[in-house]
Amino acid sequence: MLKMCTLSKEYIAWEQLSDKEKSQTMMPAKMYLLKSINKRGDYMNLYIMRHGTTCWNEKGITQGRSNNRLSKSGIALTKKVAQIHENTNLDVIYCSPLTRTVQTANIMNSFHNVKIIKDDKLIEIDQGIFSGRSKDDLTEKEKSLKRARSESCGMESYQSAYNRAKDFLESIK
């Protein structure tokens with residue numbers, strides 16, 4: 001079975017872009033192929049893709065779980081990746097319920113016409129009070145709290161995000 005997930009993780013790849021495209025976007029999307037064994041012992045190809053670029057990505061603003069849309073360059077880049085993978089066989093697409101990942105999934109699905117399933121376990125890590133804030137505007141104390149993933153700032157721990165991703169992967173085997 002072949003599945004594709006759009007995940008809000010830092011899977012960044014530059015090799016498919018021209019120098020001009022690299023200079024115009026901060027976080028291009030690319031599909032990565034992972035092979036795993038499902039519960040029946042069969043191999044499953046799992047394609048993982050980060051969502052396309054948003055305006056906040058381009059401005060250096062922390063998104064977290066904010067519901068931003070793809071920017072014009074993010075849409076164009078995602079369309080380019082979709083065209084590159086138009087002949088990749090997909091059975092289903094999973095995505096987070098966030099607008100940017102749903103948009104990415106819909107663009108990818110333009111060549112596949114498969115079911116898109118939104119799953120809360122794929123949602124972006126919670127950035128707490130830092131969501132919507134420019135990285136350049138943080139004080140040194142705030143930068144330290146952000147690096148430490150301080151719960152006092154409403155941030156989700158990396159362990160919690162890892163557990164969600166692990167639970168998701170177990171649920172699709």
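Where do glutamate 140 and lysine 143 both lie? They sit in helix α5 (residues 140–147), three residues apart, or about one turn of the helix. Keep in mind that this is a predicted model. Here's a quick tour of how some of its side chains pair up.

**Salt bridges**

- Side chains of opposite charge can pair when their charged atoms come close.
- The count here comes to six salt bridges.
- One of them joins glutamate 140 and lysine 143, at 3.6 Å from N to O. Glutamate 140 is exposed, with 58% relative accessible area, while lysine 143 is partly exposed at 27%.
- Glutamate 142 teams up with arginine 133, their closest N and O atoms being 3.0 Å apart. Glutamate 142 is buried at 19%, and arginine 133 counts as partly exposed at 25%.
- Lysine 121 and aspartate 119 make a salt bridge too, with the closest N and O atoms 3.4 Å apart. Here lysine 121 is partly exposed, at 27%, whereas aspartate 119 is buried, at 13%.
- There's also a network of salt bridges linking Arg65, Asp126, Glu156 and Arg164.

**Aromatic rings**

- The structure has one aromatic pair by count: tyrosine 94 with phenylalanine 168, edge-to-face, with 5.2 Å between centres and 75° between planes.
- Tyrosine 94 belongs to strand β4 (residues 92–95) and phenylalanine 168 to helix α6 (residues 158–172), so this pair ties together parts that are 74 residues apart in sequence.
- Both tyrosine 94 and phenylalanine 168 are buried.

**A charge over a ring**

- Arginine 149 lies over the face of tyrosine 158, 4.8 Å from the ring centre.

Terms used. Residues are numbered from 1 along each chain as its sequence is written. This is a predicted model: local features need pLDDT of at least 70, side-chain atom pairs count only at pLDDT 80 or more; totals for chains, interfaces and linings use all residues. Side-chain values use heavy atoms; hydrogens and water are left out. Rings of Phe, Tyr and Trp (its six-membered ring) pair if their centres lie within 6.5 Å; planes under 30 degrees apart count as stacked, over 60 as edge-to-face and the rest as tilted. Helices (H or I, at least four residues) and strands (E, at least two) are DSSP runs, numbered from the N terminus. Buried means under 20% relative accessible area, exposed over 50%, partly exposed in between (1.4 Å probe, protein chains only). A charge sits over a ring if NZ of Lys or CZ of Arg is within 6 Å of the ring centre and within 35 degrees of the ring normal. A salt bridge is a side-chain nitrogen of Lys or Arg within 4 Å of a carboxyl oxygen of Asp or Glu.
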